[in-house]
Every structure is written in C-alpha cells, then in structure tokens.
Amino acid sequence: MAMRLGKLRSGLQSALRGGAVRRTEILKRTFSSSTHDDEHETAKWEKITYVGIVACTSLAIYTLSKGHHHYDEPPPYPYLHIRNKEFPWGPDGLFERKHH
C-alpha cells in the first residue's frame, strides 16, 4: 500500500511538472509472485505430495513384510554379566529378562 501511494505521489508530481504519466505505470504491481500461477503450483505440489506418500507407504510395507533372520543365543561365557552387587530392582539388568 505504501509503495502504491509512493508511485502515485511521484506520478502526480511528474504530471504537475508537465511530464506524461500513464495510469498503468502508477498502479502496476511489481511483486515477483504476480507472474506465477499459484493455483497451478499448488495443484502440482499437492500431486507430488500424494505420490510421495504412496511411494513411502508402499516401500515401508514391502520392507516390513519381509522376514528377518533370528540369531541363535550367544554362548554363556563366564566373564559376561559379572555382578558383585545386587541391583535394586532384582538380579537381572533393568532391560533384561532371564528365566530363573
């Protein structure tokens, strides 16, 4: 709005001095987004988003539906899990589950 008033004021000053001013030059919008078709860009990115959602979802379903290898239990080495003092929550670690 301030830009439009500034152009209008300079146009009026030029007209008072005798210069010819075109009305379209005074009220012309100079923002860079005025030349773009916003509806077309919005529709394009909406389609890209939906294609991306479908692609990521199908990739996740494919990846997660495949089986994975279960490893054997490691051998019970005597130097692993040496406990000199009992934990406050019991004999096992906080995230361990052993069948006693």
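The following exercises, with worked solutions, concern a predicted model of a protein.

**Exercise 1. Determine which secondary-structure elements the protein contains and in what order they run.**

Step 1. The protein has three helices and zero strands.

Step 2. Read from the N terminus, the order of the elements is α-α-α.

Step 3. For the protein, the mean pLDDT is 78, and 72% of the residues reach 70 or more.

**Exercise 2. Characterise the surface and burial of the protein.**

Step 1. The accessible surface amounts to about 10100 Å². Carbon and sulfur atoms account for 61% of this surface.

Step 2. Burial requires a relative accessible area under 20%. Of the 100 residues, 5% count as buried.

**Exercise 3. Classify the geometry of the aromatic pair formed by Tyr77 and Tyr79, and state how accessible each residue is.**

Step 1. The count of aromatic pairs comes to one. In the pair of Tyr77 and Tyr79, the ring centres are 5.4 Å apart and the planes stand at 15 degrees.

Step 2. Ring centres must lie within 6.5 Å to pair, and planes under 30 degrees apart count as stacked. The pair of Tyr77 and Tyr79 is therefore stacked.

Step 3. Tyr77 is partly exposed, at 42% relative accessibility. Tyr79, by contrast, is exposed, with a relative accessible area of 54%.

**Exercise 4. Describe the nonpolar surface patch that includes Leu80, and locate Leu80 in the chain.**

Step 1. Tyr77, Tyr79, Leu80 and Ile82 make a nonpolar surface patch of about 450 Å². Two of its members, Tyr77 and Tyr79, are the residues whose rings are stacked.

Step 2. Leu80 is placed in the segment after helix H3 (38–65).

Step 3. Membership of a patch requires over 30% relative accessible area. Leu80 has 41% relative accessibility, and so counts as partly exposed.

Note on methods:
Residues are numbered from 1 along each chain as its sequence is written. This is a predicted model: local features need pLDDT of at least 70, side-chain atom pairs count only at pLDDT 80 or more; totals for chains, interfaces and linings use all residues. Side-chain values use heavy atoms; hydrogens and water are left out. Patches are made of residues with over 30% relative accessible area and no salt bridge: like charges are joined within 9 Å, nonpolar side chains (Val, Leu, Ile, Met, Phe, Trp, Tyr) within 5 Å. Accessible areas come from the Shrake-Rupley method with a 1.4 Å probe; for residues, only the protein chains shown count as cover. A salt bridge is a side-chain nitrogen of Lys or Arg within 4 Å of a carboxyl oxygen of Asp or Glu. Helices (H or I, at least four residues) and strands (E, at least two) are DSSP runs, numbered from the N terminus. Buried means under 20% relative accessible area, exposed over 50%, partly exposed in between (1.4 Å probe, protein chains only). Rings of Phe, Tyr and Trp (its six-membered ring) pair if their centres lie within 6.5 Å; planes under 30 degrees apart count as stacked, over 60 as edge-to-face and the rest as tilted. pLDDT is the predictor's confidence in each residue, from 0 to 100.
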